[in-house]
Amino acid sequence: MGPEVFVDILRDALLLVIILVSAVIVPSLLIGLVVAVFQAATSINEQTLSFLPRLIVTLLSLIIGGHWLVQKLMDYTIRLISSIPSVVS
């Protein structure tokens, strides 16, 4: 059992965090970009206009992808717990 085992665990955890966060943030980012282009095209300079669509899209992405997000997290946790005997010995 060397340090490479812990580096692999950390790498997998960070990759999982990036995937889970990206599944929620990327749709919100795209909607924010669309609203910003709309604001630039119509010369509407309201700062709060982009907040509500981004909030709705973020909530929808959590509702639609919530099961997948939790399943990925549970799979990683189960895999991590099941690998404890091989890491300790």
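Guide: Let us begin with charge: Lys and Arg count as positive and Asp and Glu as negative, while His and the chain ends are not counted. In this predicted model, the chain carries 4 positive and 5 negative side chains.

Visitor: How far apart do the centres of the two sets lie?

Guide: The centres of the positive and negative sets are 4 Å apart.

Visitor: Which secondary structure elements does the chain contain?

Guide: The chain has 3 helices and 0 strands, and from the N terminus the order reads α-α-α.

Visitor: What share of the residues is buried?

Guide: Buried residues account for 18% of the 89 residues in the chain. The accessible surface is about 6,700 Å², and carbon and sulfur atoms contribute 77% of that surface.

Visitor: Is Ser28 buried or exposed?

Guide: The cut-off for buried is under 20% relative accessible area. Ser28 therefore counts as buried, because its relative accessibility is 12%. Ser28 belongs to helix α1, which spans residues 3–42.

Visitor: Which residues does Ser28 touch, not counting those up to four places away in sequence?

Guide: Ser28 touches Arg54, Val57 and Thr58 on that count. Across the chain, among contacts with a separation of 6 or more, 73% join residues 24 or more positions apart.

How values were computed. Residues numbered from 1 in each chain as written. Predicted model: local features only at pLDDT ≥ 70, side-chain atom pairs only at ≥ 80, totals over all residues. Heavy atoms only, no water. Helix = DSSP H or I, 4+ residues; strand = E, 2+ residues; numbered from the N terminus. Buried < 20%, exposed > 50% of the residue type's maximum accessible area, 1.4 Å probe, protein only. Contact = heavy atoms within 4.5 Å. Areas by Shrake-Rupley, 256 points an atom, 1.4 Å probe, with all protein chains shown as cover. Charge placed at Lys NZ, Arg CZ, Asp CG, Glu CD.
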